[in-house]
Amino acid sequence: MKFGKTFEKALAEDEIPLQWQKNAIQYKQLKKTIKKLVEEFNELGLEKDLIQNHLKSINSSTSIISLSLSSNSSNSLNSSFISFNNLKNSKTSKIIVHTIYDQTFFLSISEQILNLDTMKDNQENLMIKQINYLSDQISSLSSPYRKRNDLYIWRQIFEIYNSYQLFFKFNFISKNELNYSISKINFYKFVDEIQKKDLLSQFHNKKVSKQIFNQFLNLNLELIKAIEFQYLNKIAITKILKKFDKRTFLSIKFKFPNFYVNDPFINQSFSINLFFKIQERLIKIIPQLDDYLCPICCSISFKPVKLDCGHIFCIRCLVKLQKLRKDACPICRKNNVLIADHSNLDLETMEFLKLYFPKESKAKQKETENEIAKEQCEALIGKSSCLIQ
Ligand SMILES: [Zn+2]
Ligand SMILES: [Zn+2]
């Protein structure tokens, strides 16, 4: 299938919004313009083969079309000229050829790229507004101050969401942007898992939380479509420039990219900005347990003790270290464990943990109490010499 058709089909079948489709690269129209330009060159006696043979005969390097921005408008290009670089005597010959359809072509493609820039800008602003709206709603629905809040369900949803890495593949040293088709697969896997776990039926504020969840899904789907739309248009641009070179003797693909080297639609992916907005404004508003684990016992750092070096451990693990007379911080090896006392108790974090992780905090407290009781009992009957209190 010809690319023009494939391009139109992909836009329609993948349900790219009509408003965006209107701004897509007009591949077929640009192709027609190239055809007219070839006719125009032929009328001037500048057939591709003839020029190429001539270039060969004078031992010249490839002919190039020089494009420069006109001084009065950054959108338009001056008429083309062809320069012949004669390798034999290093002289450059220049022929200025005024043509109508080369200008039509470049003005047209430049205008289309500018429209795409505007569309991208508008779309990003709309999505950011939506992210902010969802952020306010989810903050309120999951607020620990709310009597029947959905904190734990939203936390689970976001935990699953992050585990599927919809837009980037992260490893220790880098992040790679994923192709939209992989994002789509990961998106549906995420939706599947939410359904399997039947999380939505566990919402306390069923109606509103479900509604907000659906809007969150739509936002992600829209972002995936935006990335796809961007990807398809970039291919269309590359293909049409390639066609231009193939049909004419003007090697445009080396020159034209300079024209849009800083273009936001071509060079700045939708996902970069919006993915981080989603993380920052949505995912991070619900604290995750992983960020509050004691590095020694790997459970919640309740009651947290902050050493002078800044590292935080649960009081239980810290007392154990002190009993063993170990002074070095297990993370940075700074000797400041033995001087830690009640003043090192991080009361602010403790209140925060009680508020955002009430179940885990209670469980840890109970676990600690049981452990102390067991030790006291063992000490009484002489089984152990451990005296942790
Ligand atoms: Zn611990
Ligand atoms: Zn430390």
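Leaving aside neighbours within four places in sequence, which residues is alanine 236 in contact with? They are Phe7, Ile25 and Tyr27, where contact means C-beta atoms, placed from the backbone, within 7 Å.

This is a predicted model, in which local features need pLDDT of at least 70 and side-chain atom pairs count only at pLDDT 80 or more, while totals for chains, interfaces and linings use all residues. Residues are numbered from 1 along each chain as its sequence is written, with chains lettered from A and ligands numbered from 1 in the order in which they are written.

**Cores**

Ala236 also features in the largest nonpolar core, which has 45 residues; along with Phe105, Trp154 and Ile240, Ala236 touches the most other members. Such a core joins buried Ala, Val, Leu, Ile, Met, Phe, Trp, Tyr and Cys residues through C-beta atoms within 7 Å; buried means 20 or more other C-beta atoms within 10 Å of a residue's own. Among the helices supplying at least two residues each are α1 (3-13), α5 (101-141) and α8 (206-247), and α8 gives the most, with 14. Because domain 1 (3-103) and domain 2 (120-245 + 259-288) both contribute, this core lies between them. Apart from it lies another core, of 15 residues, including Phe302 and Cys329.

**α8 against α11**

The axes of these two helices come within 10 Å and cross at roughly 165°, so α8 and α11 are roughly antiparallel (angles over 145 degrees). Their contact is made by these residues:

| Helix | Contact residues |
|---|---|
| α8 | Leu223, Ala226, Ile227, Gln230 |
| α11 | Phe270, Ser271, Leu274 |

Technical notes. Buried ≥ 20, exposed ≤ 12 C-beta atoms within 10 Å, placed from the backbone. Helix = DSSP H or I, 4+ residues; strand = E, 2+ residues; numbered from the N terminus. Domains from an automatic or database assignment. Contact = placed C-beta atoms within 7 Å. Axes fitted to C-alpha atoms, helices over the stretch in contact; angles between N-to-C directions. Parallel < 35°, antiparallel > 145°, perpendicular 65-115°, else oblique.
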